[in-house]
Amino acid sequence: NMESDTMSTLPQISDAEWNVMSVVWENEKCTANEIVTALSKTTTWSPKTIKTMISRLVKKNALAYEVDSKDKKTYHYFSKVSEDECVRNASKSFIKRVFKGSLNAMMANFVKEAELTEEDIKELKSILDKKKG
């Protein structure tokens, strides 16, 4: 089964590291300083902490880098895993952990808890109708 293969090859990305990945996914390629600048707007992390996370993600094979052709000290980081894959993987592991693998329990919980607008409800209905095929 293909699915369990990709699950095991996808790196385990922590919540904090997810923020770093989001910046890279958004920009396709960026330097450590660009990642630091982006994250200093939304977090209280020091540049040192952010750079540690970047190197951890490189070790985990979630990020890779190219050395700048002009300035050999500058690395351009890019993602080795797609955001979609990671979102799917994180969703699956979340459902397993929190809802004992039951998608129905998760959906029921979110629908009960969420402040849904008419628009949201319409959209959910249409997604479910498409599923029925």
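pLDDT is the predictor's confidence in each residue, on a scale from 0 to 100. This is a predicted model, in which local features need pLDDT of at least 70 and side-chain atom pairs count only at pLDDT 80 or more, while totals for chains, interfaces and linings use all residues. Residues are numbered from 1 along each chain as its sequence is written, and side-chain values use heavy atoms, with hydrogens and water left out.

The chain has a mean pLDDT of 89, and 94% of its residues reach 70 or more. Helices (H or I, at least four residues) and strands (E, at least two) are DSSP runs, numbered from the N terminus. Confidence is highest in helix H4, at 97, and lowest in helix H1 (residues 2-9), at a mean of 51. Over residues 1-6 pLDDT stays under 50, and the model has two contacts (heavy atoms within 4.5 Å) beyond four places in sequence for them. Where pLDDT is low, the predicted coordinates should not be read in detail.

H2 covers residues 15-27, and its 13 residues should span 18 Å at 1.5 Å a residue; the end C-alpha atoms are 19 Å apart, which agrees. The expected span is 1.5 Å times one less than the number of residues in the helix. Buried means under 20% relative accessible area, exposed means over 50%, and partly exposed lies in between (1.4 Å probe, protein chains only). The buried residues of H2 are Glu17, Val20, Met21, Val23, Val24 and Trp25. Their cover includes strands S1, S2 (63-67) and S3 (75-79), together with helices H3 (32-42), H4 (47-59) and H5 (83-99). Just after H2, Glu28 takes a positive phi of about 65°.

Next comes strand S1 (residues 29-31), which holds Thr31. Thr31 counts as buried because its relative accessibility is 13%. Apart from neighbours within four places in sequence, Thr31 is in contact with Thr74, Tyr75, His76 and Tyr77.

Tyr75 also belongs to a nonpolar surface patch of about 250 Å², made with Tyr65 and Val67. Such patches are made of residues with over 30% relative accessible area and no salt bridge; nonpolar side chains (Val, Leu, Ile, Met, Phe, Trp, Tyr) are joined within 5 Å, and like charges within 9 Å. Val67 is found in strand S2 and is partly exposed, at a relative accessible area of 41%.

Side chains of opposite charge can pair when their charged atoms come close. A salt bridge is a side-chain nitrogen of Lys or Arg within 4 Å of a carboxyl oxygen of Asp or Glu, and the structure holds four. In one of them, Lys60 pairs with Glu17, the closest N and O atoms being 2.7 Å apart. Lys60 lies in the loop between H4 and S2 and Glu17 in helix H2, so the pair ties together parts that are 43 residues apart in sequence. Glu17 is buried at 1% relative accessibility, whereas Lys60 is partly exposed at 31%.

Glu66 forms a salt bridge with Lys29, with the closest N and O atoms 3.1 Å apart. This pair links distant parts of the chain, since Glu66 is in strand S2 and Lys29 in strand S1, 37 residues apart. Glu66 is partly exposed at 38%, as is Lys29 at 41%.

Lys132 and Asp129 form another salt bridge, at 3.6 Å between the closest N and O atoms. They are three residues apart in helix H7 (residues 118-132), so about one helical turn separates them. Salt bridges that share partners also join Glu17, Arg56 and Lys60 into one network.

Technical notes. Accessible areas come from the Shrake-Rupley method with a 1.4 Å probe; for residues, only the protein chains shown count as cover.
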